[in-house]
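User: Hi! Please walk me through this one, a bit at a time.

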Amino acid sequence: MKFFIDTANLNQIREAKDLGILDGVTTNPSLMAKEGITGTENVMKHYKDICDIVGSGDVSAEVISTDFEGMIEEGKRLAAIDPNIVVKVPMIKDGIKAISWFTANGIRTNCTLVFSAGQAILAAKAGATYLSPFIGRVDDISWDGMDLISQISHIYSMQGFETQILAASVRNPLHIVKSAEAGAHVVTCPLDAILGLLNHPLTDIGLAKFLADHKKANG
Ligand code: E4P
């Protein structure tokens, strides 16, 4: 399973990269706004900065347009920033049309805002490279985000679809573990959720004991 970080914050991306476990980055308009990145030129430059930090990993850059022509123009501009840019397209009718066009023209895509297996089938038929089911937002309305990942995973493997399931809207370390169990190809997470995987009290207790024993024996 690939690990993406879900942020537009350059320091957090560097920190994940330094761990040696980073396979890519996802962003969205809210994450860009949170970092205060506004205006087309600044947004484009910020994507380039992210790509330079990530190196060979994929970086999802989301279109703002909601009509077919607008998405194509925007997607072409985003894809030209760096070979690792993946154009993120919303799960709407024109979005599916745009994903089909990008697929036919060799531009990779990430279909975002996915909340059902039916949407997942449509995106795979259109040739999306990645599919982003939002598990945290499904949990937020007291449905089960993980059931959605399992269902899509079952359908994709049974039908031989090549679209990769990118578990998004991850809120905690358990979401990461459960996504791996449910067959997600990629998980995109906030830095805190990734670092949360490190935590285990027995590790802390065990390390403290090893160091104390070493100190006792060696003075
Ligand atoms: C990433 O691709 C998604 O846009 C992101 O994971 C959404 O996360 P949120 O539901 O925490 O906003």
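Analyst: Happy to! A word on handedness before we start: a crossing is right-handed if the near helix is turned clockwise from the far one by less than a right angle, and left-handed if anticlockwise. Helices are DSSP runs of H or I with at least four residues, numbered from the N terminus. This is a predicted model, where local features need pLDDT of at least 70 and side-chain atom pairs count only at pLDDT 80 or more, while totals for chains, interfaces and linings use all residues. Residues are numbered from 1 along each chain as its sequence is written, and side-chain values use heavy atoms, with hydrogens and water left out.

User: Great. What's the angle between H4 and H5?

Analyst: About 45°, with the axes 9 Å apart; H4 covers residues 68-79 and H5 residues 93-104. Axes here are lines fitted to C-alpha atoms over the stretch in contact, and angles run from 0 to 180 degrees between N-to-C directions. H4 and H5 are therefore oblique to each other (under 35 degrees is roughly parallel, over 145 roughly antiparallel, 65 to 115 roughly perpendicular, and the rest oblique).

User: Left-handed or right-handed crossing for H4 and H5?

Analyst: Right-handed. The H4 side of the contact (heavy atoms within 4.5 Å) includes Phe-68, Met-71 and Ile-72, and the H5 side includes Ala-98, Trp-101 and Phe-102.

User: OK, next pair. How do the axes of H6 and H8 cross?

Analyst: At roughly 40°, coming within 10 Å, with H6 spanning residues 117-125. H6 and H8 are therefore oblique, and H6 passes H8 in a right-handed crossing. Ala-117, Ala-120, Ile-121 and Ala-124 of H6 meet Leu-148, Gln-151, Ile-152, Ile-155 and Tyr-156 of H8.

User: And what classes are the residues in that H6 and H8 contact?

Analyst: Eight are nonpolar, one is polar and none is charged. Ala, Val, Leu, Ile, Met, Phe, Trp, Tyr, Cys and Pro count as nonpolar, Asp, Glu, Lys and Arg as charged, and the others, Gly among them, as polar.

User: Where does H9 sit relative to H8, parallel or oblique?

Analyst: H8 and H9 are therefore roughly parallel. H8 (residues 145-159) and H9 (residues 173-182) pack at about 20°, with axes 9 Å apart.

User: Switching topic: which residues are around the ligand?

Analyst: Among them are Asp-6, Thr-26, Asn-28, Lys-88, Ser-169 and Arg-171; a residue counts if one of its heavy atoms lies within 4 Å.

User: What distance separates the Asp-6 side chain from a ligand oxygen?

Analyst: 2.5 Å, from an N or O atom of Asp-6. Polar side-chain atoms of Lys-88 and Ser-169 each lie 2.7 Å from a ligand oxygen.

How values were computed. Helices (H or I, at least four residues) and strands (E, at least two) are DSSP runs, numbered from the N terminus. A polar contact is a pair of N or O atoms within 3.5 Å; within protein, one must be able to donate a hydrogen and the other to accept it, and residues adjacent in sequence count only if both atoms are side-chain atoms.
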